[in-house]
Amino acid sequence: MKVDVLLGLQWGDEGKGKVVDVLTPRYDVVSRFQGGPNAGHTLEFNGQKYVLRSIPSGIFQGDKVNIIGNGVVLDPALFKVEVEALEASGHDLTKRLYISKKAHLILPTHRLLDAAYESAKGDSKIGTTGKGIGPTYTDKISRNGVRVGDILHNFDTKYAQAIAKHKAILAQYNFQYDLASIEKEWFAGIEKLKQFTFIDSEHTINKYLADGKSVLAEGAQGTMLDIDFGSYPFVTSSNTICAGACTGLGVAPRNIGDVFGIFKAYCTRVGSGPFPTELFDNTGDTLRELGYEFGSVTGRPRRCGWIDLVALKYAIMINGVTKLIMMKSDVMDAFETIKACVAYKINGNTVNEFPFEINENTEPVYVELPGWKTNMTKVQKESEFPQAFKNYLSFLEKELNVPIYIVSVGPDRDQTILRK
Ligand code: GDP
Ligand code: IMO
Ligand code: MG
């Protein structure tokens, strides 16, 4: 069997959590391969809403195996909060959630470093989630990280060495902090983590594949936040793209199957950085209100704009997307007309290919399509799609050259339409 990958094609928050939950019944295993608690993946079913940050979104579908892969960075304190909230609502995870020994730990000082670096950047700050993601991946790459497996081997020394290095950096930044209180929560998190089984997940996953079991890899963030191909430096610190599933799980490229690329019918972004189709007018406010575009983790209002097909084509190319998934169709229900960016104008030249850099000189070139003016939230099958909506889908499929396999018409698990 192969690993299917589901990932975001825009700037995150496309609706990955919802669709992983919907697709999980088809799989034996669901695994996160990168990112950490900067993610907020929302799932809704039976009138309940859950936001997952480090735990894979396959956790609510029976007793499927869920794995936190080696490419993930894990904060024990936040993990404890997340697990305990699920335990309080009756979900015991210890028998079906496994953690890679090679996943790196977000130390209490990583969060402090994140804050120190951001404040030093002043106006050019990234607008990170403040969860210590960048500093943790920095330590991983510079070979100073502490891993989940280290909890079982000489942990105190490794922890103390890392903290000493971080304190020296924080002193250079003249950053004030109270480590004792965050350390207390963090060590309580380590105790919680120890209730789970730490595994060599690369062996486990490859054995599952050899035994004919199916695996769904769940991406976090989105392609435009990828460390290599996103809108650098306004990106996250991991490879959010399909290749990240290979390194983040220990799976060979030839063992990747379908690549599900997920996008909103419009576009959003949280934090700083360029966003060519961003709307600063009433339309942007309407998208934010109707789409309830506020961060699942931070509550920050999301910046909203029209769909950007130049960026989407780029994301489809980088990821080798085989099936597209369009979310939040219902948010556009009331619009008379809908715009889609089909090219950029840069210094008077029309550009169809995603450039080295997008910035304030990148102007979107739009086509305008008729809206469907229909309540999509009640639509249950493809035959009920209004004609204008069908036309919109055909337009996108023609532009993007990949079939739209799933259409989402509301936040609930049941508001999901699989197409033939
Ligand atoms: P993720 O990070 O990609 O999992 O996405 P988030 O959970 O951060 O953000 C997606 C938001 O949109 C959540 O609040 C979902 O409940 C909601 N959502 C998902 N699909 C739909 C949809 O089709 N329509 C509407 N109106 N909301 C949706
Ligand atoms: P999900 O998985 C949206 C953004 C932050 C910031 C940049 C870097 O829910 O789609 P970081 O804390 O990673 O160093 O922040 O990336 N960001 C996200 N935006 N959805 C996410 O995750 C994000 N994770 C990080 O806002 O601009
Ligand atoms: Mg999110």
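R419 and E397 form a salt bridge, with their closest N and O atoms 3.1 Å apart; a salt bridge is a side-chain nitrogen of Lys or Arg within 4 Å of a carboxyl oxygen of Asp or Glu. The pair joins distant parts of the chain, since R419 lies in the segment after β20 and E397 in helix α11, 22 residues apart. The model is predicted, so local features need pLDDT of at least 70 and side-chain atom pairs count only at pLDDT 80 or more, while totals for chains, interfaces and linings use all residues. Residues are numbered from 1 along each chain as its sequence is written, chains are lettered from A and ligands numbered from 1 in the order in which they are written, and side-chain values use heavy atoms, leaving out hydrogens and water.

**Salt bridges**
- R419 is buried at 15% relative accessibility, and E397 is partly exposed at 23% (buried means under 20% relative accessible area, exposed over 50%, partly exposed in between, with a 1.4 Å probe and protein chains only).
- Salt bridges with shared partners connect D13, K264, E293, R302 and K328 in one network.
- The count of salt bridges comes to 21.
- D21 pairs with R413 in a salt bridge, at 2.7 Å between the closest N and O atoms.
- D21 is buried, with a relative accessible area of 1%.

**Magnesium site**
- The magnesium ion (ligand 3) has D13 (OD) and G40 (O) as protein donors, 2.1 to 2.2 Å away (donors are N, O and S atoms within 2.8 Å of the metal, or 3.2 Å for Na, K and Ca; water is not among the atoms, so sites may look incomplete).
- D13 is partly exposed at 23%, whereas G40 is buried at 9%.

Technical notes: Helix = DSSP H or I, 4+ residues; strand = E, 2+ residues; numbered from the N terminus.
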